[in-house]
Amino acid sequence: MRFSHRRGGIGLAALATALTTALTVTVAAPTTGPGPTAAPSPVTVDAVPVATVAATTDPIRATARPVTAADVRYTWRSGCPVGPSRLRVVEMNFRGYDGIIRRGMLIVRWDKVGQTAAIFRAAYLAGFKIRRMDNPNRWYGNDEEMMKADNTSAFNCRRVTGNSTRMSPHSYGTAIDVNTMHNPYKAANGVWYPPNGLRWINRNLRDPGMIWSWSTITKQVISRGGIWGGYWTYKDYQHFELG
């Protein structure tokens, strides 16, 4: 949706209404059962407040679409707890460590789209920086390699890294790992991952991309009923589970 930038354009009340409409993330509920079905009613979630946006467009330009087979080629297989029809690709802008704005993507469960966009929108507006946000396919779904690359990602049907007896929450499309090298993870086996992130076990550092309890992204997740792994006995500073 576009707006005129002419002087004396639409009034504030009209602008507020238009912005709330334009910046709402809408995602269709997945259909079930074989054969053709009627178009599902859209589910609207997390309309961004007009007051938080300086421009007349969403600063992260968040969009959502159904996943394709190629999107989950190395991260989904038969028997996973959530099927591709219930997953969505959320594409958005993010601020890199170098300050350059880039385009990234996360794959989440269909009902977490609006929440995901709202959380990363707030983090963006707060100046939070992200190294990269690429499809886990790039690493063939290998979590250890992806953590070494400092990648931010969500869905990946796999076992917990360092504990092969448990399915990872990422298998459900409801967990997100952020800046994995700068926010390392201590597994139940006592090993810290990734090995190139050991410097950042020291949480007294104040490097870009690090996450603390007072970080905007943490507050956003917690305020929506989610979880941050930084509170756990075995620290998982990169890990969020959506409420």
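A salt bridge is here a side-chain nitrogen of Lys or Arg within 4 Å of a carboxyl oxygen of Asp or Glu, and the side chains of Arg-158 and Asp-143 meet in such a bridge at 3.5 Å, N to O. The model is a predicted one, and the structure holds twelve salt bridges together with six aromatic pairs.

**Salt bridges**

- The bridge between Arg-158 and Asp-143 links distant parts of the chain, since Arg-158 lies in the loop between H3 and S6 while Asp-143 belongs to helix H3, 15 residues away; Arg-158 and Asp-143 are both buried.
- Arg-131 forms a salt bridge with Asp-150, in which the closest N and O atoms are 3.1 Å apart. Because Arg-131 is placed in the loop between helix H2 (113-125) and helix H3 (143-148), and Asp-150 in the loop between H3 and strand S6 (159-160), this pair ties together parts that are 19 residues apart in sequence.
- Arg-65 and Asp-71 are linked with Glu-91 in a network of salt bridges.

**Aromatic rings**

- Among the six aromatic pairs is that of Trp-192 and Tyr-237, which is stacked, with 6.3 Å from centre to centre and 10° between the planes. Trp-192 lies in strand S10 (residues 192-193) and Tyr-237 in the loop between S11 and S12, so the pair ties together parts that are 45 residues apart in sequence.

**Arginines over rings and the setting of Arg-203**

- Arg-95 lies over the face of Tyr-124, at 4.3 Å from the ring centre, and the charged end of Arg-203 sits over the ring of Tyr-237, 4.2 Å from its centre.
- Arg-203 is located in the loop between S10 and helix H4 (216-223) and is buried, with 13% relative accessibility.
- Leaving aside residues up to four places away in sequence, Arg-203 touches His-182, Asn-183, Pro-184, Met-210, Ile-211, Trp-212 and Tyr-237. The C-alpha atoms of Arg-203 and Asn-183 are separated by 8.9 Å, although these residues are 20 apart along the chain.
- A polar atom of the Arg-203 side chain lies 2.8 Å from the backbone oxygen of Ile-211.

**A three-stranded sheet**

- Three strands make up an open sheet in the order S8-S12-S11, with antiparallel pairing. Strand S8 (175-177) and strand S11 (227-228) each have a single partner strand and stand at the edges, so one side of each is left without a neighbour in the sheet.
- S8 and strand S12 (residues 239-241) run antiparallel and are joined by three bridges, and Ala-175 has Glu-241 as its bridge partner in S12.

Notes: Residues numbered from 1 in each chain as written. Predicted model: local features only at pLDDT ≥ 70, side-chain atom pairs only at ≥ 80, totals over all residues. Heavy atoms only, no water. Pairing = 2+ DSSP bridges. Helix = DSSP H or I, 4+ residues; strand = E, 2+ residues; numbered from the N terminus. Phe/Tyr/Trp six-rings, centres within 6.5 Å; stacked < 30°, edge-to-face > 60°. Lys NZ or Arg CZ within 6 Å of the ring centre and 35° of its normal. Buried < 20%, exposed > 50% of the residue type's maximum accessible area, 1.4 Å probe, protein only. Contact = heavy atoms within 4.5 Å. Polar contact = N/O pair within 3.5 Å; in protein donor to acceptor, adjacent residues only side chain to side chain.
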